[in-house]
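This report describes selected features of one protein model. Please consult the sequence and the structure shown here while reading.

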Amino acid sequence: MTNSIERHAPVLFQEAIELLKVRAGGTYVDCTLGLAGHATGIAKLLGAKGHLIGFDRDPQAMALAKEKLDKVCEELGSQAPQVTLIGEAFSSIDKHLQPVSVDGLLADFGVSSLQLDEADRGFSFRTDGPLDMRMDTRSGPTAAQVVNEASERELADLIYEYGEERRSRRIARAIVRGRPVTTTGQLARIVASAAPAMKNDHISPATKTFQAIRIHLNSELDEIRALLEAAPRLLKPSARLVVICFHSLEDRIAKDSLRDGARQGIWEILTKKPVTAGEEEIERNPRSRSAKLRAAERTGPVKS
Ligand SMILES: C[S@@+](CC[C@H](N)C(=O)[O-])C[C@H]1O[C@@H](n2cnc3c(N)ncnc32)[C@H](O)[C@@H]1O
């Protein structure tokens, strides 16, 4: 676990912090604390009058983020901001924050390196572990339940929709035949045999199916929609919204939501094109290759 923290590199860190335009004394929300990489950067700029509010629905991530932020605040001493940590899904943000109370909101969607690196969490097809894939390990069905209990049709549909996998029917059929499926390794092998890698594929054949099950299980796209719908109510005039997406399904929601908000005069888009990682960052942190950052500034009359 320590390994993940040590190796953890927040994606598009400088760009995110700059676009958030963190000012001392403000209230900033990190909706996806993870290992608190971005949150640490924000905390250091806030000063004693500032307030950092962090969400993560993964209890393991939350514990590590707390540990890290406690340490940062200790180092900052009298300049440490107030920190409030909320171990819930960010779709509950309206319940916790007052309307028009936030100066900046950051969301770095998807899974953390901690979740991917720990075989026991069952997110990765690279390591063999139990088929879990829940971000919130306190509740909800596991990936094993979905994979073993959904109908072939349901599996095919979700792999197609959330994995954008054209060979979804073939994969679903193989999964149903291979039941019971209990480990990530077993699932990866079933997918690879049903839909082997093609000549020019840059990714493993299991990538899309794993992504699909994870998105479905954690209602990831509904969570993003709920957050982007709540954001206009929470942001003060001139407040900033910064979102980092890792695949086209997330990015499409962010792009459409920002564009619709801009049309309605809710915010001004600050990133005509999404910001992406440079060669040096991709070299250092391959996960940043697919990251797309979009930002907006709250304008217009604020209705609560
Ligand atoms: C990519 S990581 C964030 C990394 C973080 N920015 C950092 O610098 O360490 C995404 C985190 O968001 C959390 N997460 C994803 N969806 C969430 C949701 N709907 N509500 C709360 N937390 C969520 C995950 O559990 C994970 O820890």
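## Cysteines

The sulfur of C31 lies 12 Å from the closest cysteine sulfur, which belongs to C245, and this is too far for a bond. For C73, the closest cysteine sulfur is that of C31, at 18 Å, again too far for a bond. A disulfide would require two cysteine sulfur atoms within 2.5 Å. The structure, which is a predicted model, holds zero disulfides.

Are these two cysteines buried or exposed? C31 counts as buried, at 2% relative accessibility. C73 is also buried, with a relative accessible area of 17%; the limit for this class is under 20%.

## The sheet

Seven strands form an open sheet with mixed pairing, in the order β3-β2-β1-β4-β5-β7-β6. Its edge strands are β3 and β6 (267-269), each of which pairs on one side only. From one strand to the next, the twist averages 15°.

In general, strands of a sheet pair through backbone hydrogen bonds, and the pairing is either parallel or antiparallel. Strand β1 (residues 27-30) runs parallel to β2, and four bridges join them; V29 has I53 as its bridge partner in β2. Strand β2 (residues 51-55) is joined in turn to strand β3 (residues 82-86) by five bridges, and these strands also run parallel. Within this pairing, H51 is the bridge partner of Q82, and G54 is the bridge partner of L85. Strand β4 (residues 102-108) and strand β5 (residues 235-245) are parallel as well, with six bridges between them. There, D108 stands opposite I244.

## Crossovers and the covering of β2

How does the chain pass from β2 to β3? It crosses through helix α4 (residues 59-76), and this β-α-β crossover is right-handed. A right-handed β-α-β unit is also made by β1, helix α3 (residues 37-46) and β2.

Strand β2 is mostly covered, as five of its five residues are buried. In a regular strand, the side chains alternate between the two faces of the sheet. In β2 both faces are covered: H51, I53 and F55 are buried on one side, and L52 and G54 are buried on the other.

## Aromatic rings

A pair of aromatic rings is described by the distance of the centres and the angle of the planes. The model holds two aromatic pairs. One of them is formed by F125 and F210, with 5.4 Å from centre to centre and 75° between the planes, an edge-to-face arrangement. This pair links distant parts of the chain, 85 residues apart: F125 belongs to the loop between α6 (113-117) and α7 (143-149), whereas F210 belongs to helix α11 (residues 207-217). F125 is buried, with a relative accessible area of 18%, and F210 counts as buried at 3% relative accessibility.

A ring also takes part in another kind of arrangement: R287 lies over the face of F246, 4.1 Å from the ring centre.

L158 is placed in helix α8 (residues 152-163) and is buried, with a relative accessible area of 7%. How far apart are L158 and H216 in sequence and in space? They are 58 residues apart in sequence, and their C-alpha atoms are 7.1 Å apart in space.

Notes: Residues numbered from 1 in each chain as written. Predicted model: local features only at pLDDT ≥ 70, side-chain atom pairs only at ≥ 80, totals over all residues. Heavy atoms only, no water. Phe/Tyr/Trp six-rings, centres within 6.5 Å; stacked < 30°, edge-to-face > 60°. Helix = DSSP H or I, 4+ residues; strand = E, 2+ residues; numbered from the N terminus. Buried < 20%, exposed > 50% of the residue type's maximum accessible area, 1.4 Å probe, protein only. Lys NZ or Arg CZ within 6 Å of the ring centre and 35° of its normal. Pairing = 2+ DSSP bridges. Right-handed = clockwise from strand over helix to strand, strands pointing away. Axes fitted to C-alpha atoms, helices over the stretch in contact; angles between N-to-C directions.
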